[in-house]
Amino acid sequence: MNADAVVLDIDGVLVDVADSYRRAIVESVDRVYGRTVDDAGVQRFKDAGGFNNDWELTYAAALYVLASEAGYEGDVATFTDAVAAAGGGLDAAESVVRAAPVDDAVFDRWDPERLRETFQALYLGADLYRDLEGGDPPFEARGYINDEPVLVEASTLDALGERFAVGVLTGRPAAEADIALSRVGLSVPDAHRFTMDDWAEGKPHPRALTTLADRLDAERVAFAGDTLDDVRTATNAAAADAERTFHGIGVLTGGLTGEAGRRAFEDAGAAAVVETVNDLPELLERP
């Protein structure tokens, strides 16, 4: 596969977030409401699209839990299918609940601000929470950010950096992206990365990827990510910028794994699917 630039997602590609971000989603809802969704439910929200921001996924999962307590009879699969049909993301989740035969009091109990504070306390831990959030956490915690095994090998980053222009496109806030990139040993100029703080639209909107292609002076861009929205970002970029080629590459070290994950990526339009980011140097070559 020809490329002259490689853009990398962070979560599920460079670091494993099963016991950090995804764990924080599940446990935040449980701490606030006493019920929650499981890991498979989190993946269903991801697959529905529009949940590049894990805070918003947490809010949507909490909304599902509250709606279920108020009489919504569908399971997580039914709910997330309806969210996907409504366009994906938090707005779609709200519209599904408002259209359901449940009491509007659901929204009186729904507290995104408390959910976010809980999420950040669990994920960052007390010390980082004080540093990054500028106040005391709602409770003391060690921080799941410390439980993110590195997935990418140093030799992979060296090989990619020697042959391609390299960028980063992530849904993380900038400060949390800095921590992960430092852990894996990848340094890119600020102009060659997009984080949550750099754009309002989020994946799968193509603007960040097309902008990176321009900044990297690239005609053929390979974007490797672990969610369907990552692949959709590349296909949307191809539709938005016909003068360049964008390859969406699915990586099977996130929530989508095995043959089922491979098929899901392919159905979403992936140009290739790899077991791990460490397969990229062998897959890609310069034109």
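I searched the whole structure and found 22 salt bridges, a salt bridge being a side-chain nitrogen of Lys or Arg within 4 Å of a carboxyl oxygen of Asp or Glu. I note that this is a predicted model, where local features need pLDDT of at least 70, side-chain atom pairs count only at pLDDT 80 or more, and totals for chains, interfaces and linings use all residues. Residues are numbered from 1 along each chain as its sequence is written, and side-chain values use heavy atoms, with hydrogens and water left out.

I looked up Glu27, which forms a salt bridge with Arg23, the closest N and O atoms being 2.9 Å apart. Both residues lie in helix H1, four residues apart, about one turn of the helix; helices are DSSP runs (H or I, at least four residues), numbered from the N terminus. Glu27 is partly exposed at 27% relative accessible area, and Arg23 is partly exposed at 32% (buried is under 20%, exposed over 50%, partly exposed in between, with a 1.4 Å probe and protein chains only).

I next examined Arg109, which forms a salt bridge with Glu69, the closest N and O atoms again being 2.9 Å apart. Arg109 lies in helix H6 (residues 105–109) and Glu69 in helix H3 (residues 54–69), so the pair ties together parts that are 40 residues apart in sequence. Arg109 is partly exposed at 44%, as is Glu69 at 36%.

I also recorded a salt bridge between the side chains of Arg262 and Glu275 (2.9 Å, N to O). Salt bridges that share partners join Asp11, Glu148, Arg172 and Arg183 into one network.

Finally, I checked helix H1 against helix H7: contacts (heavy atoms within 4.5 Å) include Tyr21 and Glu27 in H1, and Arg114 and Phe119 in H7, among the residues that meet.

Definitions and conventions:
Helices (H or I, at least four residues) and strands (E, at least two) are DSSP runs, numbered from the N terminus.
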